[in-house]
Amino acid sequence: MSLINSQSVSARDVVSGGLATGGEVRSVLNDRQPKALDDVGVDEHLGDQIPLDLNFLASNGDMLKLKEIFRGDRPVILSLNYSGCPMLCNLQLTGLMKGLSKVDWDIGNQFRVVSISIDPRESPEKAAETRQKYLQEYGRPAGVDGLFFLTGNQNAIDRITRSIGFKYHYVPDRKEYAHTAVAVLCSPEGRIVRYLYGIEQDPRTLKLSLVEASEGKVGAPFERILLYCFHYDAKAGRYGPAAMNLMKLGGLFMTAVLAIWLTWHWRHSKPSSATGSAIPAAASAPTGLS
């Protein structure tokens with residue numbers, strides 16, 4: 001049950017399916033939806049808690065509970081993919097890594113990224129190959145300790161996908177999964193804060209989403225002030241200026257500047273007034289003596 005919002009996003013609203021070529025993707029968006037994409041999409045569960053007691057296998061083969069990634073100190077970007085995906089997962093993860101490479105925060109330092117395979121047949125060895133590929137795409141050594149590619153059994157996959165509202169299904173004829181490209185921004189404790197759709201991610205939107213998801217646990221005060229001036233526009237899929245808040249902040253700034261100027265003027269005008277009052281007295285003396 002969503003605590004804040006439960007917005008349904010269908011496959012027609014986003015790039016959908018690892019099933020199609022680029023031309024077919026356009027036909028999905030602009031024309032009729034293929035039957036294979038029925039029941040594919042996202043029912044947003046903003047504010048919900050994801051289950052942190054789930055066990056998955058890390059890419060080194062170790063058993064890992066999600067709470068070992070969601071440690072309460074850093075926000076987490078969660079993505080659902082699979083290594084055998086012929087197109088969409090590669091486009092999405094490449095776009096995510098390119099976007100994050102332009103953010104001045106590092107994976108592992110200010111936030112973590114986890115991709116969970118929706119294919120229960122995939123092995124940690126395959127996940128390790130995929131992880132290495134996207135580490136190279138990211139291009140920063142800092143990402144080594146904060147980037148996770150997990151595999152797990154069907155029960156664990158079902159629980160994590162249901163908690164997020166991620167609807168997908170397997171298409172036997174094509175031996176592929178029909179799914180949506182989405183990155184889920186989570187708080188350090190595992191609450192869902194933001195869904196970012198598509199295969200390209202704007203660096204400023206990623207940064208502001210991470211600041212928002214961190215709930216004040218990472219980032220400078222100035223970066224939190226930015227959230228006051230920019231609000232997320234779900235239709236545009238990015239943050240935009242919050243006009244009223246910008247006007248309020250501008251008003252406060254002008255008031256502060258005026259107060260500083262008046263204080264400075266008052267302090268520097270007092271000696272001039274004293275001198276000015278003495279001048280007529282001094283000037284009157286010679287007049288009386290002459």
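# Reading the terms of a predicted model

Of the 290 residues of the chain, 44% count as buried (under 20% relative accessible area; exposed is over 50%, partly exposed in between; 1.4 Å probe, protein chains only). This is a predicted model, in which local features need pLDDT of at least 70 and side-chain atom pairs count only at pLDDT 80 or more, while totals for chains, interfaces and linings use all residues. Residues are numbered from 1 along each chain as its sequence is written, and side-chain values use heavy atoms, with hydrogens and water left out.

Q: Why are lysine 167 and aspartate 43 said to form a salt bridge?
A: A salt bridge requires a side-chain nitrogen of Lys or Arg within 4 Å of a carboxyl oxygen of Asp or Glu. The closest N and O atoms of lysine 167 and aspartate 43 are 3.7 Å apart, so the pair meets the definition. A search of the whole structure finds nine salt bridges.

Q: What makes this pair a tie between parts apart in sequence?
A: Lysine 167 lies in strand E8 (residues 166-167) and aspartate 43 in strand E2 (residues 41-43), so the pair ties together parts that are 124 residues apart in sequence. Helices (H or I, at least four residues) and strands (E, at least two) are DSSP runs, numbered from the N terminus.

Q: Is arginine 112 buried or exposed?
A: Arginine 112 has a relative accessible area of 5% and is therefore buried. Aspartate 73, at 29% relative accessibility, counts as partly exposed.

Q: What makes aspartate 106 and arginine 140 a salt bridge?
A: The side chains of aspartate 106 and arginine 140 meet at 2.4 Å, N to O, so the pair qualifies. Aspartate 106 is in the loop between helix H2 (88-101) and E6, and arginine 140 is in the loop between helix H3 (124-138) and strand E7 (147-150), 34 residues apart.

Q: How do you know that the span of H2 agrees with expectation?
A: The expected span of a helix is 1.5 Å times one less than its number of residues. The 14 residues of H2 should span 20 Å, and the end C-alpha atoms of H2 are 20 Å apart, which agrees.

Q: Why is H2 described as largely enclosed by the rest of the structure?
A: Of the 14 residues of H2, 10 are buried, so H2 is largely enclosed. Among the buried residues are Leu88, Cys89 and Gln92.

Q: Why does the count of disulfides come to zero?
A: A disulfide is a pair of cysteine sulfur atoms within 2.5 Å, and by this rule the count is zero. Cysteine 85 is in no disulfide, because the nearest cysteine sulfur, that of cysteine 89, is 3.4 Å away.

Q: Why is cysteine 85 called buried?
A: Cysteine 85 has 9% relative accessibility and therefore counts as buried. Cysteine 89 is buried as well, with a relative accessible area of 2%.
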